[in-house]
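Reader: Please take a close look at the sheet. How do the strands line up, and what lies across them?

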Amino acid sequence: MTILPIIKHPNEILRQVCLPVPEVDDPMRQLMDDMLETMYDAPGVGLAAPQIGDTRRIIVIDQVREAEEDAKTPLFFVNPEIIWSGQEIGEYEEGCLSIPGVYENVLRPTECKVTYLDYFGKAQQMHCKDFLATVIQHEIDHLNGVLFIDHISRLKRSRAMKKYKKAQSELG
Ligand SMILES: [Zn+2]
């Protein structure tokens, strides 16, 4: 497996609407394995294909941060689609591997139902709650060119982006 470079904001790839995948084949499984490895290495709990420069509708998630080898619970979603969202809104502090160092509270539905193709190309449906619901909505946003900073107030965003740009320029 290969650890891939993660694309950082404000790269335009992160703003593209990604394309549906016709089927899940071996090269795509290889890509999903690489995405998972990249996510664990970062470390993060979710990664969408545009974050590694691929504009297809693919995401990987493992809710357990820095999972031990035998405790890993990877989830693979191809062409994920939210078909239902709950009424209740919850707040989580979100971050993003493409906007390192920025953490802001985001409001989202606490439950959603998602249809998708799994690692083997089989059609599946999942009822996601709480943290998983937050992560999957964040990742599906990526497939639509949306970042979590788009969900916060303009004032908070400009403050966060000022800090982010400064930190990025100090990194060179
Ligand atoms: Zn993200």
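Author: Five strands build an open sheet, ordered E1-E2-E3-E6-E7, with antiparallel pairing. Strands are DSSP runs of E, at least two residues long, and helices are runs of H or I, at least four; both are numbered from the N terminus. Two strands pair if DSSP finds at least two bridges between them. The edges are strand E1 (46-48) and strand E7 (123-129), each of which pairs on one side only. On average, neighbouring strands of this sheet are turned by 40 degrees against each other, direction ignored.

This is a predicted model: local features need pLDDT of at least 70, side-chain atom pairs count only at pLDDT 80 or more, and totals for chains, interfaces and linings use all residues. Residues are numbered from 1 along each chain as its sequence is written.

E1 pairs with strand E2 (residues 58-61) in the antiparallel sense, over three bridges. Gly46 has Ile61, in E2, as its bridge partner.

Next, the helix. Helix H1 (residues 26-41) lies across E1, E2 and strand E3 (75-85). H1 runs at about 45 degrees to E2. Axes are lines fitted to C-alpha atoms, for helices over the stretch in contact, and angles run from 0 to 180 degrees between N-to-C directions. Contact means C-beta atoms, placed from the backbone, within 7 Å.

Along the sequence, the pattern is α-β-β-β-β-β-β-β-α-α. Among contacts between residues at least 6 apart in sequence, 61% join residues at least 24 apart.

Technical notes
Two residues are in contact if their C-beta atoms, placed from the backbone, lie within 7 Å.
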